[in-house]
Amino acid sequence: KKYNIAVIGATASNDSIGTDIQFGNLTLKVSTLDNFNFSKIDIAFFAAGSKISREHIPQATSKGCIVIDKSSFFRFDKDVPLIVPEANLSDIKNYNIKNIIASPNCCTIPIVTTLKPLDNEAIIKRIVASTYQSVSGAGKLAMDELYNQTKAKYIFDDLPPKIFPKQIAFNLFPHIGDFNQDGSTTEEFKISLELEKIINPYVKSNITCVRVPVFISHAISLNVEFKKQINAKEAEKILKESDSIKLHSISDKLQYSSPIDVAGDDFVHVSRIRNDKSQKNTLSLWITSDNLRKGAALNAVQIAEELVKQYL
Ligand code: 2RA
């Protein structure tokens with residue numbers, strides 16, 4: 001769908017002033033966020049982390065601009081809808097309480113895209129998830145660290161970690177975000193709360209987030225217990241109906257997807273759906289998605305499209 005874009009601007013910190021970035025056929029000069037005039041902007045995407053969102057979003061919304069925020073800063077504010085269009089689009093109606101809509105964590109998005117249709121049918125009781133998160137989730141410098149550390153290893157050199165807590169080349173670790181008092185990490189805690197806000201407040205979850213030496217796309221192993229009867233075949237039938245999911249059925253030749261297979265792709269790939277024989281009404285699944293697309297930018301763009309379609 002094409003919309004008429006009258007004004008489009010790119011804004012960032014002072015370090016990036018004057019830099020050129022491409023938007024389709026346009027070249028945009030980056031201006032400074034400090035003096036940016038939001039009064040001419042209908043929708044602003046904030047993708048610069050919690051500190052910038054906290055400091056600058058109120059200034060944007062006070063000028064009548066609607067903000068779609070990728071940071072976690074407003075996600076748990078009861079007056080800010082946290083939206084994954086495939087899962088809880090109806091919550092978007094509350095966008096105008098604060099003129100802010102939050103977009104969830106890059107793992108929450110593929111999880112709820114997959115599980116909400118199953119919840120509608122069989123009601124989720126408990127989710128156990130282990131994530132395998134690529135380094136792009138931690139930004140460009142983190143991608144550079146994996147690249148340079150890997151290269152260094154091949155010439156028997158060592159590049160000490162700067163961005164990550166441990167060596168990421170040829171390694172992995174269960175440490176994303178900071179540690180909480182109870183031993184969980186902030187990343188794991190956020191995903192649990194987001195599942196409750198999007199699916200329903202009674203969904204229990206246990207999450208372990210792991211950083212892996214992959215550049216793009218996250219993978220997630222899920223074990224999900226339902227209140228009502230459901231089996232793998234029924235789940236496949238339900239998920240086949242979703243336009244946002246590519247299902248890799250056990251009857252397919254290619255039975256599963258890996259991060260490299262899905263990088264650059266807009267779908268959530270669901271594979272290896274199987275009955276958990278240790279417990280009734282429980283399924284295991286494997287999902288992969290491009291964390292920069294459906295896990296981030298694409299979800300924010302989908303929110304904007306729905307906003308335009310329904311309200312602007
Ligand atoms: C990560 N989920 O992968 C984070 C980014 N928000 O580090």
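This is a predicted model: local features need pLDDT of at least 70, side-chain atom pairs count only at pLDDT 80 or more; totals for chains, interfaces and linings use all residues.

Reader: Great, ligand to begin with. Which residues are around the ligand?

Author: The residues around the ligand are N105, C106, Q133, G137, A138, I176, E187, R211 and H218.

Reader: How far is the side chain of E187 from a nitrogen atom of the ligand?

Author: An N or O atom in the E187 side chain is 2.4 Å from a ligand nitrogen.

Reader: And what about the oxygen atoms of the ligand, with Q133 and G137?

Author: For Q133, an N or O atom of the side chain is 3.0 Å from a ligand oxygen. With G137 it is a polar backbone atom, 3.2 Å from an oxygen of the ligand.

Reader: How much of the ligand's accessible area does the protein cover?

Author: On its own the ligand has 240 Å² of accessible area, and the protein covers 76% of that.

Reader: Nice. Switching to the inside: which residues touch the most other members in the largest nonpolar core?

Author: Those are I111, I127, L222 and V270, in a core of 51 residues. Helix α3 gives the most to this core, with six residues.

Reader: What does L222 touch, then, beyond its neighbours in sequence?

Author: Leaving aside neighbours within four places, L222 is in contact with I111, L115, I127, V128, A129, L283, S284, L285 and I287. Another core lies apart from the largest one; it has eleven residues, among them I66, Y95, A300 and I303.

Reader: Where does helix α8 bend?

Author: At N299, by about 40 degrees; the helix runs over residues 293-310.

Reader: Which residues of α8 are buried, and what do they pack against?

Author: The buried ones are K294, G295, A296, N299, A300, Q302, I303, A304, E306 and L307. They pack against strands β4 (43-46), β5 (66-69), β6 (100-102) and β11 (268-275), and against helices α2 (85-88) and α3 (108-122).

Reader: Let's do N99. Where is N99 found, and what does N99 touch?

Author: N99 is in the loop between α2 and β6. Setting aside residues up to four places away in sequence, N99 touches T61, G64, C65, I66 and V67. N99 is also buried, with a relative accessible area of 17%.

Reader: New topic: strand β8. How accessible are N206 and T208?

Author: Each lies in strand β8, as N206 and T208 show. N206 is partly exposed at 40% relative accessibility, and T208 is partly exposed with 30%.

Reader: How far apart are N206 and R126?

Author: They are 80 residues apart in sequence and 8.1 Å apart in space, C-alpha to C-alpha. For T208 and E145, which are 63 residues apart along the chain, the C-alpha atoms are separated by 23 Å.

Reader: Last one, backbone angles. What is phi for F156 and for N281?

Author: Phi of F156 is near 55 degrees, a positive value in a residue other than glycine. N281 is not a glycine either, and has a positive phi of about 50 degrees.

Reader: Where do they sit, F156 and N281?

Author: F156 is in the loop between α4 (140-154) and α5 (186-198), while N281 is in the loop between β11 and β12 (282-289). F156 is exposed, with a relative accessible area of 81%, whereas N281 is buried, with 16%.

Key
Residues are numbered from 1 along each chain as its sequence is written. Side-chain values use heavy atoms; hydrogens and water are left out. The bend at a residue is the angle between axes fitted to the seven residues ending there and the seven starting there. Helices (H or I, at least four residues) and strands (E, at least two) are DSSP runs, numbered from the N terminus. Buried means under 20% relative accessible area, exposed over 50%, partly exposed in between (1.4 Å probe, protein chains only). Contact means heavy atoms within 4.5 Å. A nonpolar core is a set of buried Ala, Val, Leu, Ile, Met, Phe, Trp, Tyr and Cys residues joined through side-chain atoms within 4.5 Å. A residue is near a molecule or strand if one of its heavy atoms lies within 4 Å of it. A polar contact is a pair of N or O atoms within 3.5 Å; within protein, one must be able to donate a hydrogen and the other to accept it, and residues adjacent in sequence count only if both atoms are side-chain atoms. Accessible areas come from the Shrake-Rupley method with a 1.4 Å probe; for residues, only the protein chains shown count as cover.
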